[in-house]
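Subject: Structure handover

Hello,

Here is the structure for your files. My notes on what was found in it follow below.

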Amino acid sequence: QSLLARDCDVETTIDIRLQLAAAEILRTRLQDVNKKGAVVVMNAAGDVLALVSWPAPVSHEQPSPDELLDRARYGEYPPGSTFKLVTAIAALRLDPKAMQHTYSCRRLGDGRVGTIIPGWRRPIRDDIGDHAHGTLNMANAITVSCNAYFAQLGVYNVGAKALHDTAGLFGIPAGAVADIRQMLPFAAYGQGPVVITPFKMARVAATIAAGGFMPQGRWVMDTSNSRTAAPAALVAPESASFLSNAMRSVVTSGTARAAMSGLDISVAGKTGTAQLDAGEPHSWFAGFAPYDAPAEKRIAFAVVVEHGGYGAKFAAPIAREVIKAAQRLGIVAAPEAGR
């Protein structure tokens, strides 16, 4: 009797309007094509506004284990090129001037583009259809998502231990240092031993959106909340600003340009295409909006679609719809209202 009388209410940070809208967007996009995925949205302070997984349980039916899996918080996926943000952060933590390092991306003998790093038997390849990117700095490489650049940055500037330790600051399982060292060129652009949850990927985006402070992230806001650690200063403000600008260029002139064109809200983001041993790659898009708003008015997000292919083709359009829903609900301001 006393157990039944106990207060069982839980106060959450979830915005039920956005939660329902994101759930409907994910269902509409994934159900008919038999795909699975997740969406996470939080504000820059780390309050989670939406946590959505698909497939989801259906009312009055016995849910399957697949429907009960909380992909948003606990699904672990190779991050693909979204992890380039973490590699960039690792380089900038070691040397704030690392953004000036340049590396080349050229045509290889098999017609693909990329690079060959001495001591590694496998060439580093960019996506099929990519043209040679030439000599790039870090901002260029984020914009066009150049694997060759980040492979060289990882080998020559970051190293296995710094990449492992930086991933660890974000709670990202990147494998043991020895495992990363063995796969370093590939781990530096999100392949190999690295895995991440959508929640943690959204938190990386929130860290950049918040000027370099990583929120612990919470979804419960009453006294039962145990996630009470203060935001951690992981990225220098100048480096966070640089990464924000580079992520904005991904949307204005880079890999997410087509997916985000015509939006009347400024988005900054990073596409990801996580190659797998079998099947289509996982499709990722992570970022924040509005780019031209102060941190306290931004939302950060991550979208993953299992075996969805290119990040720009599947995950980014879902993120676009979620951002538009947040704008429609007044969670983020339209440009005119924010000025």
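A258 sits in helix α12 (residues 257–260); helices here are DSSP runs of H or I with at least four residues, numbered from the N terminus. A258 has a relative accessible area of 67% and is therefore exposed (exposed is over 50%, buried under 20%, partly exposed in between, with a 1.4 Å probe and protein chains only). Between the C-alpha atoms of A258 and P65 there are 36 Å, and the two are 193 residues apart along the chain.

Please keep in mind that this is a predicted model, in which local features need pLDDT of at least 70 and side-chain atom pairs count only at pLDDT 80 or more, while totals for chains, interfaces and linings use all residues. Residues are numbered from 1 along each chain as its sequence is written, and side-chain values use heavy atoms, with hydrogens and water left out.

T143 belongs to helix α6 (residues 138–144). Its relative accessibility is 10%, so T143 counts as buried. The side chains of T143 and S249 are joined by a polar contact of 2.4 Å (a pair of N or O atoms within 3.5 Å; within protein, one must be able to donate a hydrogen and the other to accept it, and residues adjacent in sequence count only if both atoms are side-chain atoms). Apart from neighbours within four places in sequence, T143 is in contact (heavy atoms within 4.5 Å) with A246, S249, V250, S253, G254 and T255.

Next, two helix pairs.

Helix α5 (residues 84–94) and helix α11 (residues 237–252) have axes that come within 11 Å and cross at roughly 150 degrees. Axes are lines fitted to C-alpha atoms, for helices over the stretch in contact, and angles run from 0 to 180 degrees between N-to-C directions. The pair is therefore roughly antiparallel (over 145 degrees; under 35 is roughly parallel, 65 to 115 roughly perpendicular, the rest oblique). L85, A88, I89 and L92 of α5 make the contact with S239, F242, L243 and M247 of α11. These residues divide into seven nonpolar, one polar and no charged.

For helix α2 (residues 16–30) and helix α13 (residues 315–328), the axes come within 10 Å and cross at roughly 155 degrees. α2 is therefore roughly antiparallel to α13. On the α2 side the contact has L18, A21, A22, I25, L26, R29 and L30, and on the α13 side P317, I318, E321, V322, A325 and A326. Here the division is 11 nonpolar, no polar and two charged.

Regards

Methods. Ala, Val, Leu, Ile, Met, Phe, Trp, Tyr, Cys and Pro count as nonpolar, Asp, Glu, Lys and Arg as charged, and the others, Gly among them, as polar.
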